[in-house]
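Me: I have a model open and want a quick walk through it. Can we start with a helix and go from there?

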Amino acid sequence: MTKRIAIVSDMVPPSWGGGIASSHYHLSRVLKKNGHEVRAFACFDQSPRWLVRFIRRANSLAFRFLDRGKAAYQFADILLRAWGAFRLNGALSRFRPDIIILPDHGAPGLFIRPLTGCRRVMIAHHNPLRFLDLPLIEPHSALDARLAMRLEDRVL
């Protein structure tokens with residue numbers, strides 16, 4: 001049975017960054033090849049540059065006081081995807097998918113409204129906690145990682 005499937009990703013098509021955009025791009029190709037109507041939606045590359053700079057600076061400033069001397073960007077990644085995810089709500093409503101496939105990274109599912117009759121599937125391949133206490137890289141903020149994990153888990 002043919003399904004209408006919406007795939008939410010960081011950027012479409014993938015042009016830089018990690019494996020989430022690439023994996024969701026290849027997933028969309030496989031699903032199309034198997035006869036489904038698939039449309040990919042980007043939630044990160046829609047953010048205006050001024051907003052990206054503002055959120056990154058505000059996050060750096062906040063964590064300079066909250067967890068001094070530690071790298072902190074996981075929570076900022078969630079805030080940076082909020083703009084694009086909110087904007088996707090109209091396009092997703094018009095597409096009327098049977099299934100929405102969401103990434104865990106950046107938790108865009110927090111900002112996408114549930115659609116009647118639409119199943120939400122989250123693909124989990126991000127884990128901010130994996131960077132904690134690694135001896136060969138700069139120290140990462142446990143507070144930042146736990147906050148991001150809590151928000152990503154809420155989508156589940």
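Predicted model: local features only at pLDDT ≥ 70, side-chain atom pairs only at ≥ 80, totals over all residues.

Me: Which residues of α1 are buried?

Reply: I20, A21, H24, S28 and L31.

Me: Where do they sit, seen down the axis of α1?

Reply: The buried residues fall within an arc of 95 degrees, so they line one face of α1.

Me: And what covers the buried residues of α1?

Reply: The cover includes β1, β2 (37-42), β3 and β4.

Me: What follows α1?

Reply: G35 comes after the helix, with a positive phi near 95 degrees.

Me: On to the sheet. What is the strand order?

Reply: The order is β2-β1-β3-β4, in an open sheet of 4 strands with parallel pairing. β2 and β4 stand at the edges. Each has a single partner strand, so one side of each has no neighbour in the sheet.

Me: What does the twist average from one strand to the next?

Reply: The average is 20 degrees.

Me: Over how many bridges do β1 and β3 pair?

Reply: They pair over 3 bridges, in the parallel sense. I7 stands opposite I101 in β3.

Me: What angle does α1 make with β1?

Reply: The direction of α1 makes about 165 degrees with that of β1. The helix packs on the sheet and touches β1, β2, β3 and β4.

Me: Now the core. Which residues touch the most other members of the largest nonpolar core?

Reply: V8, L88, L92, I100 and I112 do, out of 20 residues in that core. β1 (4-9), α3, β3 and α4 (142-155) each supply at least two residues. The largest share, 6 residues, comes from α3.

Me: What does I112 touch?

Reply: Leaving out residues up to four places away in sequence, I112 touches V8, A85, L88, N89, L92, L102 and R120. Another core lies apart from the largest one. That other core has 8 residues, among them A21, F44, V52 and L80.

Me: Where is R96?

Reply: R96 is in the loop between α3 (74-95) and β3 (99-103).

Me: Is R96 buried or exposed?

Reply: Exposed. R96 has 58% relative accessibility, and the cut-off for exposed is over 50%.

Me: And A107, buried or exposed?

Reply: Buried, because A107 has 0% relative accessibility. A107 lies in the loop between β3 and β4 (119-123).

Me: Last one, L129. Where does L129 lie?

Reply: L129 is in the loop between β4 and α4. At 33% relative accessibility, L129 counts as partly exposed.

Me: What does L129 touch?

Reply: Not counting residues up to four places away in sequence, L129 touches A145, R146 and M149. The C-alpha atoms of L129 and A148 are separated by 9.0 Å. Along the chain, L129 and A148 are 19 residues apart.

Notes. Residues numbered from 1 in each chain as written. Heavy atoms only, no water. Buried < 20%, exposed > 50% of the residue type's maximum accessible area, 1.4 Å probe, protein only. Core = buried A, V, L, I, M, F, W, Y, C linked by side-chain atoms within 4.5 Å. Contact = heavy atoms within 4.5 Å. Arc of directions from axis to C-beta. Pairing = 2+ DSSP bridges. Axes fitted to C-alpha atoms, helices over the stretch in contact; angles between N-to-C directions.
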